[in-house]
Amino acid sequence: MKRGAMRLFIVLASLSLTGIVVIQIFWIIRAFDLKEKQFNQSITIALKNVAEKILMYNNNPNTTLVNPVQQVSSNYYIVMVNDVIDAYALELYLKTELEHRGILVDFEYGIYDKRNDKMVYGNYVGKDDTYISKYNSRSILPALTRNNYYFGVFFPTKSEYMFWQLDVWIFSSLVLLIVVIFFAYTFFVILKQKRLSEVQTDFINNMTHEFKTPISTIAISSEVLMREDIIAQPQKIYNYARIIHSENARLKNQVERVLQIASLDEANPQLHKTIIDINELLKKVIENMKINLQQKSTQILLSLKEKALEISADSVHLTNIFYNLIDNALKYSPEQSTILIKTKEHKKGAIISIQDNGIGISKEDKKHIFDKFFRVSTGNVHNIKGFGLGLYYVKIMVEAHKGTIDLETEINEGTTFNIWLPYE
Ligand SMILES: Nc1ncnc2c1ncn2[C@@H]1O[C@H](COP(=O)(O)OP(=O)(O)O)[C@@H](O)[C@H]1O
Ligand SMILES: [Mg+2]
């Protein structure tokens with residue numbers, strides 16, 4: 001799939017998923033509101049019936065009740081009765097009325113004492129006794145001053161009850177959640193796989209590119225050697241044979257380098273430590289790179305700690321680390337630039353920093369810079385040779401020495417790699 005198509009696909013899929021989630025939330029809120037309205041209505045009717053039954057019980061059927069039920073708060077109702085209220089009758093009627101309507105919810109009631117202006121006799125009726133202590137009945141029901149007899153009913157578990165009434169919605173939300181998680185995970189895997197395959201394709205392209213030159217040189221040279229007139233010119237035979245030999249050696253070198261690093265044992269690289277003066281080692285590496293540096297007229301500035309900076313390390317790997325970093329600084333900078341190399345002491349160890357003013361690395365690429373086979377894929381990478389194994393190797397080896405490596409970089413400004421290696 002093309003890069004753009006992939007991105008579009010992901011954006012659309014995320015948008016539609018977000019849409020579904022928003023709609024789900026909207027409907028849950030709607031359903032909750034509806035259920036609550038239904039609940040309030042049923043309760044109002046049930047309580048009105050209770051009030052009427054109490055009047056019947058008192059043999060006072062002539063009193064008419066106009067809107068006796070008042071909802072004081074979301075889960076507290078009071079019911080005007082205009083007559084004395086018998087607590088046992090009230091509890092019985094409340095229970096039967098609610099049960100009759102299929103409302104199986106805990107409640108607590110209290111009866112208002114007009115003379116003393118306070119709530120008396122409350123009781124908690126429900127399946128779960130723990131609420132009795134939790135809500136401490138009698139004290140919770142507030143007395144509202146009314147010039148009338150009334151009783152109050154409180155539903156402490158109303159919201160939970162309402163919540164469980166939404167069982168279908170809860171179930172479908174759970175399903176939706178699982179779907180969303182599953183999708184997110186799938187995207188993650190797809191993107192990761194895509195990256196991997198891109199990196200692999202890049203690597204194969206680089207490799208072919210790097211091998212093409214020596215292979216075609218060898219092909220041409222051997223063709224010359226097959227010509228009949230060449231027999232008479234031993235000097236030429238020698239020259240072409242030498243070209244074949246050295247190109248072959250280069251090929252072999254490259255293959256070995258790739259094989260060696262590709263099979264590098266991340267978990268436990270072998271080190272042969274000796275005492276090394278970092279300053280001396282750096283000078284030696286730079287000396288060996290003289291020809292490469294001259295080709296691009298690149299200058300190296302050294303700002304080394306005056307005294308010897310000795311640490312215990314593997315000299316071969318340390319040489320390779322420096323070689324790789326200086327090689328990168330050289331490769332990814334324009335001609336005639338300057339590379340600044342500094343060493344100093346820091347926290348029982350040495351800091352080596354290698355600074356260039358080259359093309360720099362973007363934030364996104366910086367995250368992957370130490371990955372195996374990773375090369376920045378924008379720009380003219382193929383003009384600059386490499387396998388994307390250098391920094392991978394550097395990181396493994398620095399960490400094998402129990403050191404740290406980080407980089408500061410700004411696109412088009414340059415890059416600085418800082419390595420810290422402990423003395424021991
Ligand atoms: N000093 C630097 N300046 C800019 N980009 C760099 C620098 N060093 C490394 N990079 C980027 O990091 C990638 C990985 O580096 P490396 O592992 O050494 O692989 P290679 O040099 O073989 O490409 C390079 O391809 C390059 O894009
Ligand atoms: Mg490199």
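The following legends describe close-up views of a predicted model.

**Figure 1. Overall extent of the predicted chain.** The chain is built from eleven helices and twelve strands, and its C-alpha trace spans about 140 × 55 × 35 Å along the principal axes. The radius of gyration of the chain is 42 Å, whereas a compact globule of 424 residues would have one near 22 Å. Of the 424 residues in the chain, 39% are buried. One pair that illustrates the separation within the model is F387 and V69, which are 318 residues apart along the chain and whose C-alpha atoms are separated by 82 Å.

**Figure 2. The residues around ligand 1.** The shell around ligand 1 holds 18 residues, of which N328, Y332, D356, R375 and L391 come nearest. By class, this shell is made up of nine nonpolar, six polar and three charged residues. Two helices, α9 (315–331) and α11 (390–400), each supply at least two residues of the shell around ligand 1.

**Figure 3. Strand β5 and its buried side chains.** Strand β5 comprises residues 150–154, and because five of its five residues are buried, the strand is largely enclosed by the rest of the structure. In a regular strand the side chains alternate between the two faces of the sheet. In β5, Y150, G152 and F154 point one way while F151 and V153 point the other way, and all of these residues are buried.

**Figure 4. The strands that pair with β5.** Strand β2 (residues 76–80) pairs with β5 in the antiparallel sense over five bridges, and within this pairing M80 stands opposite Y150 of β5. Strand β3 (residues 107–113) also pairs with β5 in the antiparallel sense, here over four bridges, and Y109 stands opposite V153 of β5.

**Figure 5. Two loop residues with positive phi.** Most residues other than glycine have a negative phi. Q336, although not a glycine, has a positive phi of about 60°, and this residue lies in the loop between α9 and β9 (338–345). Because its relative accessibility is 65%, above the 50% cut-off, Q336 counts as exposed. K402 is likewise a residue other than glycine with a positive phi, near 60°, and K402 lies in the loop between α11 and β11 (404–410). With a relative accessibility of 67%, K402 also counts as exposed.

**Figure 6. A buried loop residue, F387.** F387 lies in the loop between α10 (363–366) and α11. The relative accessible area of F387 is 3%, which is under the 20% cut-off, and so this residue counts as buried.

Note on methods: Residues are numbered from 1 along each chain as its sequence is written. Chains are lettered from A and ligands numbered from 1 in the order in which they are written. This is a predicted model: local features need pLDDT of at least 70, side-chain atom pairs count only at pLDDT 80 or more; totals for chains, interfaces and linings use all residues. Side-chain values use heavy atoms; hydrogens and water are left out. A residue is near a molecule or strand if one of its heavy atoms lies within 4 Å of it. Ala, Val, Leu, Ile, Met, Phe, Trp, Tyr, Cys and Pro count as nonpolar, Asp, Glu, Lys and Arg as charged, and the others, Gly among them, as polar. Buried means under 20% relative accessible area, exposed over 50%, partly exposed in between (1.4 Å probe, protein chains only). Two strands pair if DSSP finds at least two bridges between them. The radius of gyration is taken over C-alpha atoms; the globule rule is 2.2 Å times the number of residues to the power 0.38.
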